[in-house]
Amino acid sequence: MGLFVLRRLWVMILTAICLTFVVFFLTNLYPNLEKLAKQQGNQRMTDAQVESWLSNRGYLQAVPVKYGQWLGVLPGYQITGKDGVLRGRCFSAPEDAKTARRFCGVLQGDWGYSTVFKEDVSVIVGKRLWLTGKLMLWVMIVMVPSALIIGVLAGMREGSKTDRSLSTVSIITTATPEYVSGVIFIAIFASSAVGLKWFKGTATSAMDDATFANFTLPVVTIALYGMGYIARMTRASMTEVMTAQYIRTARLKGVAFHNIVLRHALRNALIAPFTVIMLQFPWLLNGVVIVETLFNYKGFGWTLVQAAGNNDIELLLGVSVVSVIVVLITQLISDIGYVYLNPRIRIS
Amino acid sequence: MMEPLSWLGVTGPVFLPLMVGFLAIFAVSLAGLLTLPALSWTPAGGISAPLVAQRGAAVGRLVQLSFLALIALAVGYGVIALILPVQARGILGNLFARFLPVWIALIVTFGLSIRYKRRLGLYGKLFDSTIGMIGFALVMFWVFTAIFVAMNMVITHDPLSQVSGMKNKVPGTPLPKGSEGFGYYILGGDILARDVFSRMVSGSLEVVKIAPFATVFAFMVGITLGLPAGYYGGRLDTFLSFLSNLILAFPVILLFYLLVTPEIVLTGIPRYMAGVLFLFPILFLVILFYSRFFTQPAKCAIYLTVTVVVGFWLYLGIAWNADPLGLISFPPNLLVVFVSVVFVNSPTVFRIVRGLTLDIKTRDYVAAAQTRGEGPWYIMLWEILPNARGPLIVDFCLRIGYTTILLGTLGFFGLGLEPESPDWGSTINEGRKLLSIYLHPALPPALALLSLVLGLNLLADGLREESLRD
């Protein structure tokens, strides 16, 4: 078990390094840097000016070197620019050059500075992540139990009318992406023209004070899309368990049907959905970005859109690192959890 | 100034009460049907099981009858609308009439398919499953719509043209005097005074143009890499699996934001990716023919020459925009969209194919082929792949639906596609900004996308059920 976890951890770290490098490479392509230089300097810079602006700030070093500095495994650059000013990654005023740390990258907690929000990336990411965490908590509270109940009810009597109608419901929810269900929900429940006006169509006020009126629609919109998939997986796993020999034995013994479902089948049927729920995180991240844009809830996904839309390189890198790490950690938990929950693998 | 259209037209007062009546019967009996089994669970005092079954059958009959009555009413309403003048048809009647070529094509398709279903293999079996038929009808509805839109038939106006005075007008508003073409905006005007209905139906063309082809390409890539990974195993498998997990761990939306930007297009990265990804279909076909026909050099040479010549001609045109004949070109922003959708989809296909290969390579017929001395690629492509077709066809349908969702996401964030483009994602995005005041610009594309994806999912479900049955 310990060896397995170590192996998984190693693969995870390797994956994280590869992925962050890809993100780093794509965000640091020359056209992006040129845009950055023009945003920070002025719009009418000539190509030569752009180039000297970039080389003064260390942007024109080789990509692996830059990546190493950003990660914090290579010492930060110190460049005396063509204008005679000493600039470095780890200090802002030239006087501090002597006292500055040698390494200052993500590993040292130095995430850079956002050009859009004029704030440290780590501060922004922390704040936004907390807001999205609140959203995700409620999504999980709504989504997981309802998906499991639908899946178990549908799977315990395969082919029955309950099964057919619940399966159709879960197919419908998986066929409705968030930007469609969100629009339909706003039209029905929030529109001031003809709608029921039960909820609010924007969740901006939910950032400080989440209420039933302003938080229901975003939560339900995300939960609905993920729910169908988990329910279908639960149903598949439940139908498989229900045809197992030990269930037949229990039935022949005369155990009541609800006891069979609750005591004998449920525990084994929930192993597979656990993995699915964990692997659902990358998809939920998708939903979060769409829903936060749709409902104007300024969380992590909204920040991603802002950073990408405004060429805010350091912020985009920070956001990407966090999302990649979240995804990888959930995958690790799902792998370990699967082994732990499944006695056949755990004991052998 | 003409009168605006009403929702149901002149026949509305007759049909509406009937519709509502049957709908109520349908809803109540359906609810009854679903709750009846629950009654049999109640211990002592509940109804006995045979009685439940008896009542269940009666209620089930009622559900069926009321559903059929609803359909008959809808068809009757539509047919009567056809013989009325445009003004008297109402909005729904006009909608029905605009889709007339689609209805005819659907009826012909279904008539022929059901007539000859015993001779049509898996496709014919689809018509044994209600779910599958509903799904197929929804999908074909949009496919035919796209075809007829391409022939300039269903649409009432040009999806890009603006008519002054029609900004945000509600459904059924007549055009100002002196304007050409159809006299009304059936589903109203959007914020730029364009016709919502025409944009909605043109959106189907955008999807039908991209989604199936992108899915086919993703399948070619996934199959060409997944088969050897599963068949050979070892280092190759470890490497390819790591690579596919790498792409799968990437949040899709982040990938889109990094890949589908004008800056990236400038660097030419999408072209290089296209250059690599689009080689796979040629590679696939070449290996496919060579492994089968290498003992018949004459036949083999013909197949290979045709594949390589046509393949490279298309390849140069699509991937590098360098078609020597100048016939084929691919707009660069569409290429990015296409490439990124293929890129996102192929790792999942790879994993499915690899899993199936791992399973199938232990079968006896594979061992028999190995004993006969067949080459590894012959075994992979002509023994394993045909036997994996069931799950692959099902996944193909699901994946087209998923690709449609991805295209919608791209449009929703305004990535890649042209800003004026009538694709559903962009139209939803434009419409949502005014959603609290006007519903009509955002809802039609949203419902259209929903129905197409739902159709593909139901179709996949029907196919799965029918292919499991043999």
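Analyst: Start with one pair of side chains. B:Asp461 and A:Arg232 meet in a salt bridge, with 3.6 Å from N to O. Keep in mind that this is a predicted model. Side chains of opposite charge can pair when their charged atoms come close. How many salt bridges does the rule find across the interface of chain B and chain A? It finds 2. Polar contacts can be counted as well. Between chain B and chain A there are 4 residue pairs in polar contact, with both residues at pLDDT 80 or more.

Which elements build the chain B side? Those that give two or more residues to the side touching chain A are α1 (12-41), α8 (234-248), α9 (252-259), α10 (262-267), α17 (389-412), α18 (424-432) and α19 (443-469) of chain B. The largest share comes from α19(B), with 12 residues. By class, this side of chain B has 35 nonpolar, 6 polar and 5 charged residues.

Now take both sides together. Chain B brings 46 residues to the contact, and chain A brings 55 residues. The size of an interface is often given as the accessible area lost when the parts come together. Here the buried area between chain B and chain A is about 4,400 Å². Carbon and sulfur atoms give 78% of that area.

For context, look beyond the interface. Over all chains, the structure holds 20 salt bridges. One salt bridge joins the side chains of A:Arg8 and A:Asp335, at 2.8 Å from N to O. This pair links distant parts of the chain, 327 residues apart. A:Arg8 sits in helix α1 (residues 2-27) of chain A, and A:Asp335 sits in helix α14 (residues 313-341) of chain A.

Helices within chain A also touch each other. Take α5 (residues 121-156) and α13 (residues 300-309) of chain A: their axes come within 7 Å and cross at roughly 135°. That angle makes α5(A) oblique to α13(A). From α5(A), the contact uses A:Ile124, A:Val125, A:Arg128, A:Leu129 and A:Thr132. From α13(A), it uses A:Phe300, A:Gly301, A:Trp302 and A:Thr303. By class, that contact has 5 nonpolar, 3 polar and 1 charged residues.

Another helix pair is α11 (residues 271-279) and α12 (residues 281-294) of chain A. Their axes come within 5 Å and cross at roughly 40°. So α11(A) and α12(A) are oblique to each other. A:Ile277, A:Met278 and A:Leu279 of α11(A) meet A:Phe281, A:Pro282 and A:Trp283 of α12(A). This contact has 6 nonpolar residues, no polar and no charged ones.

How values were computed
Residues are numbered from 1 along each chain as its sequence is written. Chains are lettered from A and ligands numbered from 1 in the order in which they are written. This is a predicted model: local features need pLDDT of at least 70, side-chain atom pairs count only at pLDDT 80 or more; totals for chains, interfaces and linings use all residues. Side-chain values use heavy atoms; hydrogens and water are left out. Contact means heavy atoms within 4.5 Å. Buried area is the accessible area (1.4 Å probe) that two parts lose on being put together, summed over both. A salt bridge is a side-chain nitrogen of Lys or Arg within 4 Å of a carboxyl oxygen of Asp or Glu. A polar contact is a pair of N or O atoms within 3.5 Å; within protein, one must be able to donate a hydrogen and the other to accept it, and residues adjacent in sequence count only if both atoms are side-chain atoms. Helices (H or I, at least four residues) and strands (E, at least two) are DSSP runs, numbered from the N terminus. Ala, Val, Leu, Ile, Met, Phe, Trp, Tyr, Cys and Pro count as nonpolar, Asp, Glu, Lys and Arg as charged, and the others, Gly among them, as polar. Axes are lines fitted to C-alpha atoms, for helices over the stretch in contact, and angles run from 0 to 180 degrees between N-to-C directions. Angles under 35 degrees count as roughly parallel, over 145 as roughly antiparallel, 65 to 115 as roughly perpendicular and the rest as oblique.
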